[in-house]
Amino acid sequence: MENIPIRHLKNIGVLTEQRLTRLGILTVQDLLFHLPMRYQDRTRLFPIGHLKIGQEVLIEGTVNSCEIKNGKRRILTVILQDFSGMIALKWFHFNPSQHYQIGEKLRCFGEIKNGLNCLEVFHPETRRIESNTPLENTLTPIYPTTEGLFQPQLRKLIHQALQFEIPDLLPKELTNGLPSLLESLQIVHSPNPEEKVEELLNGQHPAQQRLALEELLAHHLSLRLSRQNSQHYQAPILIKNSRNIQQFIKTLPFQLTNAQQRVYQEILNDVTKPSPMQRLIQGDVGSGKTIVAALAAFHAIESGLQVAIMSPLELLAEQHFKNFNNWFEKLGVQTTKLIGSLTKKNKEQTLLKIANGEAQIIIGTHALFQESVVFKKLGLIIIDEQHRFGVQQRLALKEKGTFENNHPHQLIMTATPIPRTLALTLYADLDVSIIDELPPGRTLIKTVAIPISKRSEIIERVAQICSTGRQAYWVCPLIEESEQFDIQAAQVTFEQLHHDLPNLKIGLAHGKLKSKDKDQVMKLFQKGEINVLVATTVIEVGVDVPNASLMIIDNAERLGLSQLHQLRGRVGRGTIESFCVLLYQPPLSNLAKSRLTILRESQDGFLIAQRDLELRGPGEVLGTRQTGIVKLKVADWQQHHDLIGNIPPIAEKLLQTQPDLVPQLIRRWVFQSPFSEVY
Ligand code: ADP
Ligand code: MG
């Protein structure tokens, strides 16, 4: 059935087929695996007097009044009443058949909103009923869809698909007693009346768990295969040791920490083998990942190969350029920038140097992906702050760098600490190295949590710190769905500080600024020409300003711990005493209290991530911007986090006992897998 095209189903015209294709649904199997994103509950009635705002519910009552108001917009308003209370139903678009008589009985479904005088529902689905009209007896699945394709039609098509036989690929003993695949699909697409409604609504039903397990497993296996596959590729063997390298290490202004040494050795082990390294370095902010990457780079250079270093931000690329140039220029190694803001002529020259091999270390942003970039002999790719890059982009760069059948080695650096169980499942295509030690001499960042009512005292504190020549960050993080609010918040703080601290230079940086302007502000801050930088979370990614010693974070109670930790890591980069102020809106829930306490008491990113995981689940730990991690259909990092640790051993068993099933499983769940070459 994985090969039966959808047009073999009844009632599919060309247009429907096109729309389904847009959703990635080409076969009957795809349709079966198009899973509901949520359910509506039309199986029970809610008393009107006990409704809560935001609920999406079924209600029933008699019409108390029905009138059309002719204001700026015509509105049809019906007051509906049951034994417990009244609610207003409102329509902006209506037709004559909706002229309801007083005393008529109506059943409505819709979302409850707060109105002026009473609760209200806009455009409810409404039908006239007799006193004994039966309720629906199953939950109504709601599917992800696309323009022109409506829920009832999707539901009917999926019902047709459910008539097909679908082979269960997982042996029973691997599924922890959860229902079979067929049973699970039946339940999620058309739940029986006797299924546990609450469980289904919460994603906790065994059928959903079974599907989540299979989905996580498929993604994990797809990554593992990609890795197995890449071990068959050929990679250049890098030189293990040379006098230059020893010399280089000796001239560094510091001694490598034990953790840096260990990770360096792990890298050396990889790059001196004939298959491409795929290694992730995890290390807290400030743990010194860059120098380890530079050492790896030197081995590639000594082997006569080029190194590409990619950063998510232009400013970071500049920072790396400065560092690498500093280290390598005296050795006669040529470092080059490839960023969007180069002039046309400059860019052409740079491209030429990359193509003829003159440029040995190339540092850039996404510009490195462009068609026009051709490397002469790329031996190593270094990617900084991995979570901003997707798997796809990583692969694209790897393809670009192929020469004479050689695939470059890959080193990926991230400051997002990911607990081991998660890393094993999610980064199955990578080996993981951990720098779990900070360079000596770092002062602890003193962290305090302070209620927002003491804001003016904090502003005084800013003045005081800046009067000693230090600098401060004031972060107004993403708190609303829309970044717009966020920017407004930053704007307000910016203006307030501008007003209250007339002697200081205040800067503002947020995501909606042009990247040129953003870089400009950050540069001024870096040079010390701005005293206080008000920013949204755009500053999160590793920009180094050692002179900044105060970090203030607004609405700290609403942010994930790991994110707070990353933000805090912007200060304490030098040896001066640094502070972090977590401003919160009281009252704090117990959970929020214990979260802020963890942050006050610890500065260990891994411990913080682990505690965050225990308190809030992986959704929080991974953050929402982890574009490197796939979007899942049914599995949810939050709801199914108990399953995650089980995935690697199950994958192992499946690979050992029935490896032939693996590609089928992947094809089922991983839409347009970037690793399609694997099968
Ligand atoms: P991150 O891991 O956050 O990218 P960086 O590589 O930017 O951290 O390093 C942070 C700072 O620590 C830099 O100024 C770097 O020169 C310095 N540093 C790195 N390793 C050591 C070390 N072993 N001893 C002292 N300072 C170090
Ligand atoms: Mg860094």
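Visitor: Where is the place of aspartate 284?

Guide: Aspartate 284 sits in the loop between strand 9 (278–283) and helix 9 (289–302), where helices (H or I, at least four residues) and strands (E, at least two) are DSSP runs numbered from the N terminus. This is a predicted model, in which local features need pLDDT of at least 70 and side-chain atom pairs count only at pLDDT 80 or more, while totals for chains, interfaces and linings use all residues. Residues are numbered from 1 along each chain as its sequence is written, chains are lettered from A and ligands numbered from 1 in the order in which they are written, and side-chain values use heavy atoms, with hydrogens and water left out.

Visitor: What is the nearest side chain of opposite charge to aspartate 284, and how far away is it?

Guide: That side chain is lysine 289, 7.0 Å away, whereas a salt bridge requires a side-chain nitrogen of Lys or Arg within 4 Å of a carboxyl oxygen of Asp or Glu; aspartate 284 therefore has no salt bridge, although aspartate 284 is buried, a label that stands for under 20% relative accessible area, with exposed meaning over 50% and partly exposed in between (1.4 Å probe, protein chains only). Not counting residues up to four places away in sequence, aspartate 284 touches Lys289, Ile435, Leu438, His565, Gln603, Asp604 and Gly605, contact being defined as heavy atoms within 4.5 Å.

Visitor: Why is helix 9 called oblique to helix 10?

Guide: Helix 9 and helix 10 (residues 314–328) pack at an angle of about 55 degrees with their axes 11 Å apart, and that makes helix 9 oblique to helix 10. Angles under 35 degrees count as roughly parallel, over 145 as roughly antiparallel, 65 to 115 as roughly perpendicular and the rest as oblique. In this pair, Thr290, Ile291, Ala294, Ala297 and Phe298 of helix 9 meet His320, Phe324, Trp327 and Phe328 of helix 10.

Visitor: What makes helix 8 roughly parallel to helix 9?

Guide: Helix 8 (residues 258–271) and helix 9 pack at an angle of about 30 degrees, with axes 10 Å apart, so that helix 8 counts as roughly parallel to helix 9. The contact joins Gln260, Val263, Tyr264, Ile267 and Leu268 of helix 8 to Ile291, Val292, Leu295, Ala296 and His299 of helix 9.

Visitor: How do you know that arginine 7 forms a salt bridge with glutamate 17?

Guide: The closest N and O atoms of arginine 7 and glutamate 17 are 3.3 Å apart, and the pair forms a salt bridge. Arginine 7 lies in the segment before helix 1 (14–22) and glutamate 17 in helix 1, so the pair ties together parts that are 10 residues apart in sequence. The structure holds 23 salt bridges, and Asp168, Arg210, Glu214 and Arg668 are linked in a network of them.

Visitor: Why is glutamate 404 called exposed, and what is its phi?

Guide: Glutamate 404 counts as exposed because its relative accessibility is 62%. Phi of glutamate 404 is near 40 degrees, a positive value in a residue other than glycine, and glutamate 404 is found in the loop between helix 12 (391–400) and strand 14 (409–414).

Visitor: And what makes histidine 123 partly exposed?

Guide: Histidine 123 has 36% relative accessibility and therefore counts as partly exposed; its phi is near 45 degrees, a positive value in a residue other than glycine.

How values were computed: Lys, Arg positive; Asp, Glu negative; His and termini not counted. Axes fitted to C-alpha atoms, helices over the stretch in contact; angles between N-to-C directions.
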